[in-house]
Amino acid sequence: MEKLQQFAIGQRWLSDTETELGLGVLIDVDERSISILFPKSDETRVYARNNAPLSRIIFNINDEVQDQEGSKWLVESIEDRHGVLRYNVVRTLESGEQERKALNETRIGAQIQLSKPVDRLLASQVDYKEWYDLRIEALIMQAQMQTSPLRGLIGARVGLIPHQLYIAHEVGQRFAPRVLLADEVGLGKTIEAGLIIHQQLKTGRSERILILVPDSLQYQWMIEMRRRFNLHFSLFDLTRTASMKEHDPDLNPFSTEQCIIASVDLMIDHEDLREQALEA
């Protein structure tokens, strides 16, 4: 019988799985099930009594509560009347006077915010241990990936040759690396450059990338960066930069994108664009 007395009509409960329903009122209870009315959404849920995913909402002294009319009150004391609570509350009027009244929990508004960790803890709004363990495991794996010496060098859609990984790793260890990749034709200089760029971005050592290539190779590089490294580059040519300047003469086109591919000739033939690229 003791277990049957934990529920009483009029008590306020919150759904652990559907908090958006708001604060519910227990309207019916029997030996097997309980019925909760959620006034905020005007819906009724029926739960198995033994394993209902519900949390009993009990406000503490000095907590702020809101009645059904929207007025806010401060809890001074609490009375338990056969399992249903009555809050003795107070509020300060605009005149400075204090108003007191007894507020049954059935008259508390359906709106409730449990966004703060302390509020969720006091209201027993805690996740299952399995979810906590999963988050911890994910955070540990994330930390291991962030501290891995291969961070930024894995995940590319390429079949790496050992020397490519070695070169990319060596260059990635340098601060502001300046290197000349001079492998023979067909040994994967584009892949090596892509690995270095990918690692610089993933480790936060670089935030903006400008690739300058011959005009005939612009599309090839854009496709390779996207297909093999999932890096999205924007193509900049004279038409695009001129269009930007037409709309905003003071705009630096190279400040509008983080990753850009342009032709070497564009920089050589247009000193103003070269200076803007350096400024960006």
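This report walks through a predicted model, from its annotated domains to a few individual residues.

## About the model

Local features here need pLDDT of at least 70 and side-chain atom pairs count only at pLDDT 80 or more, while totals for chains, interfaces and linings use all residues. Residues are numbered from 1 along each chain as its sequence is written, and side-chain values use heavy atoms, with hydrogens and water left out.

## Two annotated spans

Let's start with what the UniProt record says. An unreviewed entry places "domain: RapA N-terminal Tudor like" at residues 7–57. UniProt positions are given in the numbering used here, feature names are shortened, and annotations may be inferred rather than shown by experiment. In the model, residues 7–57 are 0% helix and 51% strand, with the end C-alpha atoms 12 Å apart. Helices (H or I, at least four residues) and strands (E, at least two) are DSSP runs, numbered from the N terminus.

The record, again an unreviewed entry, also gives "domain: SNF2 N-terminal" for residues 177–229. That span is 49% helix and 9% strand, and its end C-alpha atoms lie 20 Å apart.

Leu-14 sits in strand E1 (residues 12–15) and is buried, because its relative accessible area is 1%. For this label, buried means under 20% relative accessible area, exposed over 50%, and partly exposed in between (1.4 Å probe, protein chains only). Gly-24 is ten residues from Leu-14 along the chain, and their C-alpha atoms are separated by 5.9 Å.

Asn-51 belongs to the loop between strand E4 (43–48) and strand E5 (54–56). With 59% relative accessibility, Asn-51 counts as exposed. Asn-51 and Ser-33 are 18 residues apart in sequence, and the distance from C-alpha to C-alpha is 9.6 Å.

## A buried glutamate

Glu-105 is found in the loop between strand E9 (98–104) and helix H1 (117–122). Its relative accessibility is 0%, so Glu-105 counts as buried. A polar atom of the Glu-105 side chain lies 2.6 Å from the backbone nitrogen of Leu-85. A polar contact is a pair of N or O atoms within 3.5 Å; within protein, one must be able to donate a hydrogen and the other to accept it, and residues adjacent in sequence count only if both atoms are side-chain atoms.

Leaving out residues up to four places away in sequence, Glu-105 touches Gly-10, Gln-11, Arg-12, Arg-56, Ile-57, Gly-83, Val-84, Leu-85 and Tyr-87. Contact means heavy atoms within 4.5 Å.

## Loop residues with positive phi

Ala-176 has a phi near 50 degrees, a positive value in a residue other than glycine. Ala-176 lies in the loop between helix H3 (162–172) and helix H4 (189–202), and at 53% relative accessibility it counts as exposed.

Asn-230 also has a positive phi without being glycine, with a value near 55 degrees. Its loop runs between helix H5 (218–229) and strand E11 (234–236). At 48% relative accessibility, Asn-230 counts as partly exposed.

Arg-208 is in the loop between H4 and strand E10 (209–213), and with a relative accessible area of 30% it is partly exposed. Its side chain reaches two backbone oxygens: that of Phe-254 at 2.2 Å and that of Ala-280 at 2.7 Å.

Beyond residues up to four places away in sequence, Arg-208 touches Phe-254, Ser-255, Glu-257, Gln-258 and Ala-280. The C-alpha atom of Pro-253, 45 residues from Arg-208 along the chain, is 13 Å from that of Arg-208.

## Where H6 meets H8

Two packed helices are described by the angle between their axes and the distance between the axes. The axes of helix H6 (residues 238–247) and helix H8 (residues 271–279) come within 12 Å and cross at roughly 80 degrees. The two helices are therefore roughly perpendicular to each other. Axes are lines fitted to C-alpha atoms, for helices over the stretch in contact, and angles run from 0 to 180 degrees between N-to-C directions. Angles under 35 degrees count as roughly parallel, over 145 as roughly antiparallel, 65 to 115 as roughly perpendicular and the rest as oblique.

Leu-238, Thr-241 and Lys-245 in H6 meet Asp-272, Leu-273 and Gln-276 in H8. Within H6, Thr-241 is buried, with a relative accessible area of 1%. A polar atom of the Thr-241 side chain lies 3.0 Å from the backbone oxygen of Leu-238.
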